[in-house]
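Open the model in your viewer and keep the selection panel at hand. We will go stop by stop.

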Amino acid sequence: MKAIMKQFVQSAVMTVVLPGMLFSSSEKLPQTDQLEAVVCQHTWIPVLKEDGRIVAMELEEYISRVVLGEMPASFDEEALKSQAVAARTYTLQMVEEGSRHQGAVCTDYRCCQSYMDPEEYLHTRGTQEHLDKVFEAVADTAGEVVCYDGELICATYFASAGGYTEDAREVWGQSYPYLISVSSPESSVYDDKEVRFSFQEFQDRLGTALKGAPESWFGAVTYTVGGGVDSMRIGQTRYSGVEIRGIFGLRSTVFQVEVTEDSVVFRTDGYGHRVGLSQYGAEAMAVDGYSYDQILSHYYQGTTLETYRDD
Ligand SMILES: [Zn+2]
């Protein structure tokens, strides 16, 4: 694995001196296995805070806060563990790549990943029990990352797949051997959602005036392997499913269009870009008895679980 940016990321070896373990130079030095017991390795990552400062933060502490923000603590512990490993991999890959925030990751869910302070969590979302459950999922998987061919993967994840995940190429135009379409049998709070636009609003969003009766505005539709809308003709223009999702703020590209008396209605399943790990899919697999490593190898095909070393 590539070396992480040196100015921010450093491995700090902390020696914890426990009572009864102090020894003078004349005494016998501890054996290797004893040394391992008193030395723990920490990975520090650069984090861009809301006030614009970039601070060094302990990786597992950052991941705990990401998992608190990203996944309901009521989810099965195996789902939480898969989320922790995905978030850790995504974070380290971004830091190694150094493409955002001068090599840092931020705390804005619209940019990098969700992030929530434990104090805020207790005030707004959950209990100490929930907090402990999330911290345990992070601690139980500490240092674990997903790799392909010995390299950290781009571990994208999202809320809900609506049946199948999407191949990365269909959404971002770039292929990754491990980000391919897989089944994601799940039911989520995001299924069968409706968004409605008046005919005028619809044309305003599109930025064009459409001719004829609204029923005639919509032409042939093509679909991706993952069941999303690949392209759809509206008026004289062919739009990609990703474009339509953006223009109308749809939850996903898994949608159907219906024209009623006075409006255009989109019905969507799933939520997010649908590439990589589905959070609701992970929960469904966990409830079905799958372990976090099985969940990860399902959503990230052909990958292996490794222990991170920043060398
Ligand atoms: Zn960011």
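Select helix 3 (residues 77–97) and helix 10 (residues 292–299): their crossing is right-handed. Here right-handed means that the near helix is turned clockwise from the far one by less than a right angle, and left-handed that it is turned anticlockwise. Helices (H or I, at least four residues) and strands (E, at least two) are DSSP runs, numbered from the N terminus. This is a predicted model, in which local features need pLDDT of at least 70, side-chain atom pairs count only at pLDDT 80 or more, and totals for chains, interfaces and linings use all residues. Residues are numbered from 1 along each chain as its sequence is written.

Show the side chains at this crossing. Helix 3 brings Glu78, Lys81, Ser82, Val85 and Ala86, and helix 10 brings Tyr292, Ile295 and Leu296. Contact means C-beta atoms, placed from the backbone, within 7 Å. The two axes come within 8 Å and cross at roughly 55°. Axes are lines fitted to C-alpha atoms, for helices over the stretch in contact, with angles from 0 to 180 degrees between N-to-C directions. The pair is therefore oblique. That class takes what is left after roughly parallel (under 35 degrees), roughly antiparallel (over 145) and roughly perpendicular (65 to 115).

Next, select helix 2 (residues 59–70) and helix 5 (residues 128–140). Their axes come within 9 Å and cross at roughly 135°. Helix 2 and helix 5 are therefore oblique to each other. This crossing is right-handed. Glu60, Ile63, Ser64, Val67 and Leu68 of helix 2 meet Val134, Phe135, Ala137 and Val138 of helix 5.

Strands pair if DSSP finds at least two bridges between them.

Zoom in on strand 14 and strand 15 (residues 263–268). They pair over 5 bridges in the antiparallel sense. Pick Val257: Phe266 in strand 15 stands opposite.

Finally, zoom out. The chain has 10 helices and 17 strands. Of its 311 residues, 39% are buried, with 20 or more other C-beta atoms within 10 Å of their own.

Key. Contact = placed C-beta atoms within 7 Å. Buried ≥ 20, exposed ≤ 12 C-beta atoms within 10 Å, placed from the backbone.
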